[in-house]
Amino acid sequence: MGSTSPALSITEAAQIVDATLDSVSQQLRDLNHQIWSHPEAAFTEHPAHDILCTFLETQPHPFVVTRQAYGLATAFEAVSETPPTTINFNAEYDALPGIGHACGHNLIATSSVAAFLALSSLLRHRNIRGRAQLLGTPAEENGGGKVKLLRAGAYDGVAVSLMGHGGPASLPSDGVAGMPMTARQQLTIEFRGAETHAGATPWEGRNALDALVSAYNNVSLLRQQLRPEERIHCAILETPKVANVIPAATKACWQVRSPSMAGLRALVSKVRRCVEAGALAAGCEAVAVEEEDGEAYTDVLLNETLCRRYQAHMKRYGREVVVKADEVLTGSTDAGNVSYVLPTLHSFFSINAPPGCVPHHPSYTEAAGTDIAHQEAIRVGKALALLGWDMITNPELLEQARAELREGLLGAR
């Protein structure tokens, strides 16, 4: 049985972390570049999955690697050492269709792999009872990979979940440990009518395109009543390809965002009424396509204990990080769902992008592939590893983080 006392200062722990990652420095850069160079959308990240698993399987100190983990073809799990305390790191690697890694998920994967390697090395070096877990979490942009992994038991028994996300040029200082983010629900709707010849017998038809257009306009009118942090976006998925037929079917999806789950539920209800009214006006049905609905993303419950420790470790590596942002970021993440189950850190770090460069823009794709961005991701990985070490070796600190989660859940109801 291993020791339960680290007998190791944080300075000594940082030296081990640094030496571990220095020894695989070029491998990590190559790994990052391979993922960035081959962008793959949600649930199609097969090469990224294979590249990451092969890298982990071929390390000098073997990890237990499970490919296609928890019933998801592009998820994986790697674990090291032994329980009882498990520290989770999330590796995202999905990209955006058409614009590649414009959200920098290649950097998330890099920082989480680095953190996993470094914490595993620390545990092995001191023979500490504790486990590092690296989850490959697909489909963060659309599909809710972490929500599916939660339901499948991937986070069962995990003490805390840690990750870092590259941020826009407008981030305060060198980054933010805790960023409030919006909850999000996706509604995928089929409009069903009746087909007929548009020129000969239009009165016999029920126009599903009219239903979609009417619904779209209704939601657009709703936008003037939105709160400043709320958002509604739409993508039209299926429309008629000829003009001389009254269409019987169309499809669209709406993404709805609000700073809280209560606000999200209220806003989704309004959007549903807008959609249903559009269908009613055209004599059609509006049918929710449940199997294609995106998973609901919760807001992110911030954990100040984790945020402050992360801030301290980033300062060790020369970066000034704000503990908590004042404004809500109107993006969303399925890491929010994890934050409702266990203490979670979803930090944001600067990648030194040029002014005006923001995620989900082609310019961010280029910034996310630079050597500078990679080095920042490695710094974040080091800080995350030391934060994991804190949680394993300091039971009082871990209990403090858990108590904050309990309080946060009471406030979120």
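How does the radius of gyration of the protein chain agree with that of a compact globule of 413 residues?

**View 1. The whole chain, our starting point.** For 413 residues, a compact globule would have a radius of gyration near 22 Å, and the protein chain agrees with its 23 Å. The radius of gyration here is taken over C-alpha atoms, and the globule rule is 2.2 Å times the number of residues to the power 0.38. This is a predicted model, in which local features need pLDDT of at least 70 and side-chain atom pairs count only at pLDDT 80 or more, while totals for chains, interfaces and linings use all residues. Residues are numbered from 1 along each chain as its sequence is written, and side-chain values use heavy atoms, with hydrogens and water left out. Along its principal axes, the C-alpha trace spans about 85 × 45 × 40 Å. The chain holds 12 helices and 14 strands; helices (H or I, at least four residues) and strands (E, at least two) are DSSP runs, numbered from the N terminus.

View 2. Of the 413 residues, 54% are buried. Buried means under 20% relative accessible area, exposed means over 50%, and partly exposed is in between (1.4 Å probe, protein chains only). The accessible surface comes to about 17100 Å², and 52% of this belongs to carbon and sulfur atoms; accessible areas come from the Shrake-Rupley method with a 1.4 Å probe, and for residues only the protein chains shown count as cover. Among contacts (heavy atoms within 4.5 Å) between residues at least 6 apart in sequence, 81% join residues at least 24 apart.

**View 3. Helix 3 and its neighbours.** Helix 3 covers residues 46–57, and its 12 residues reach 16 Å from first C-alpha to last, close to the 16 Å expected at 1.5 Å a residue. That expected span is 1.5 Å times one less than the number of residues. Look for Ala48, His49, Ile51, Leu52, Cys53, Phe55 and Leu56, which are buried. The buried residues of helix 3 pack against helix 2 (25–37), strand 1 (64–67), strand 2 (76–82), helix 4 (105–126) and strand 4 (130–136).

**View 4. Helix 5 and the glycine that follows.** Within helix 5 (residues 145–152), the buried residues are Gly145, Lys146, Val147, Leu149 and Leu150. They pack against strand 3 (86–91), strand 4, strand 5 (158–167) and helix 9 (335–339). Just after the helix, Gly153 takes a positive phi of about 95°.

**View 5. Two loop residues with positive phi.** Gln68 sits in the loop between strand 1 and strand 2. Although Gln68 is not a glycine, its phi is positive, at about 45°. Its relative accessible area is 44%, so Gln68 is partly exposed. Ser173, in the loop between strand 5 and strand 6 (175–178), is also not a glycine and has a positive phi near 55°. Ser173 is partly exposed because its relative accessible area is 45%.

**View 6. Ala169 and its contacts.** The loop between strand 5 and strand 6 also holds Ala169. With 34% relative accessibility, Ala169 counts as partly exposed. Setting aside neighbours within four places in sequence, Ala169 is in contact with Ala353, Pro354, Pro355, Gly356 and Cys357. Ala169 and Phe349 are 180 residues apart in sequence, yet 9.8 Å apart in space from C-alpha to C-alpha.

**View 7. Thr20 in helix 1.** Is Thr20 buried or exposed? Its relative accessibility is 16%, so Thr20 counts as buried. Thr20 belongs to helix 1 (residues 10–22). Beyond its neighbours within four places in sequence, Thr20 is in contact with Leu117, Ala118 and Ser121.

View 8. Glu366 is part of helix 10 (residues 362–368) and counts as exposed because its relative accessibility is 60%. The C-alpha atoms of Glu366 and Gly100 are separated by 9.3 Å, although the two are 266 residues apart along the chain. Pro228 lies in the loop between helix 6 (208–222) and strand 9 (231–238). Pro228 is exposed, with a relative accessible area of 67%. Between the C-alpha atoms of Pro228 and Pro259, 31 residues apart along the chain, the separation is 9.9 Å.
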